[in-house]
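Please look through the sequence and the model shown here.

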Amino acid sequence: MTNTIPERIAVGFAITGSFCTFSKILDVLKDMMKKDFDITPIFSEKSSTLDNRFFEAEDFVAQVQEITRKKGIFTIPEAEPIGPKGYLDVLVIAPCTGNTLAKLCSGITDSPVLMAAKAHLRNEKPLIISISTNDALGMNFCNLGKLMNTKNIYFVPFGQDNYKKKSNSLIAHTDLIPDTIYAALKGRQLQPVIQSPFACCDK
């Protein structure tokens, strides 16, 4: 890794099934497409096939592909070439569920997103995690700690989204994804990584 930022940053944007954050993800993608990012969407099976109370899966996938102007990666075989071809400068998992966080920490590659992460990390390039899980400070706290101390892995700054009712829950400040990318490409973690709670906590 050279710690230099390319003029046009090739970003793999991997999406997992934290459905409540999907609207924020669409806003982030729209903002990033106005800047110096070339985005390839990558979908977990859950994010691309399960309808939910926020989006119908087909509609969500269509919106992501329309915004990025690229066909997404949907299968493990499609994700595997990310390693040998090395065409990404950075890979972002946003949102990253607790399930994906735990499997990533354990070296499990049973989804397109996890295969993309494994393939990308072999090239010693930045992997950025935008966490969204109700058990980040519970059962997943050990995995969070391990990944924060793993080479080439960076976190989008995060905070408790509802410390009164869900004290173990953490969610990333998704608007900081671009800044986290720029910092990671220079080999540093954007700070402060733990930021103030979200406004909803005071209601």
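Cys-142 counts as partly exposed because its relative accessible area is 45%, where buried means under 20% relative accessible area, exposed over 50%, and partly exposed in between, computed with a 1.4 Å probe on protein chains only. Cys-96, by contrast, is buried, with a relative accessible area of 0%. A disulfide is taken to be a pair of cysteine sulfur atoms within 2.5 Å, and by this rule the count comes to zero disulfides. For Cys-96 the closest cysteine sulfur is too far away for a bond, and Cys-142 is likewise in no disulfide; the table gives the distances.

| Cysteine | Closest cysteine sulfur | Distance between sulfurs |
|---|---|---|
| Cys-96 | Cys-105 | 11 Å |
| Cys-142 | Cys-105 | 6.7 Å |

The model is a predicted one, in which local features need pLDDT of at least 70 and side-chain atom pairs count only at pLDDT 80 or more, while totals for chains, interfaces and linings use all residues. Residues are numbered from 1 along each chain as its sequence is written, and side-chain values use heavy atoms, with hydrogens and water left out.

Helices (H or I, at least four residues) and strands (E, at least two) are DSSP runs, numbered from the N terminus. Strand 1 and strand 2 run parallel and are joined by seven bridges, two strands being paired if DSSP finds at least two bridges between them. Within this pairing, Ile-9 stands opposite Phe-37 in strand 2. Strand 2 is largely enclosed by the rest of the structure, because six of its seven residues are buried.

A nonpolar core is a set of buried Ala, Val, Leu, Ile, Met, Phe, Trp, Tyr and Cys residues joined through side-chain atoms within 4.5 Å. The largest such core has 34 residues, and those with the most contacts inside it are Val-11, Phe-13, Met-32, Ile-177 and Ile-181. Strand 1 (9–15), helix 1 (22–33), strand 2 (37–43), helix 3 (57–68), strand 3 (90–96) and helix 9 (177–185) each supply at least two residues of this core, and helix 1 gives the most, with seven residues. A second, separate core of 28 residues includes Met-115, Ala-119, Ala-136 and Leu-170.

Ser-18 lies in the loop between strand 1 and helix 1, and counts as buried because its relative accessibility is 8%. Leaving aside its neighbours within four places in sequence, Ser-18 is in contact (heavy atoms within 4.5 Å) with Pro-95, Thr-97 and Ser-132.
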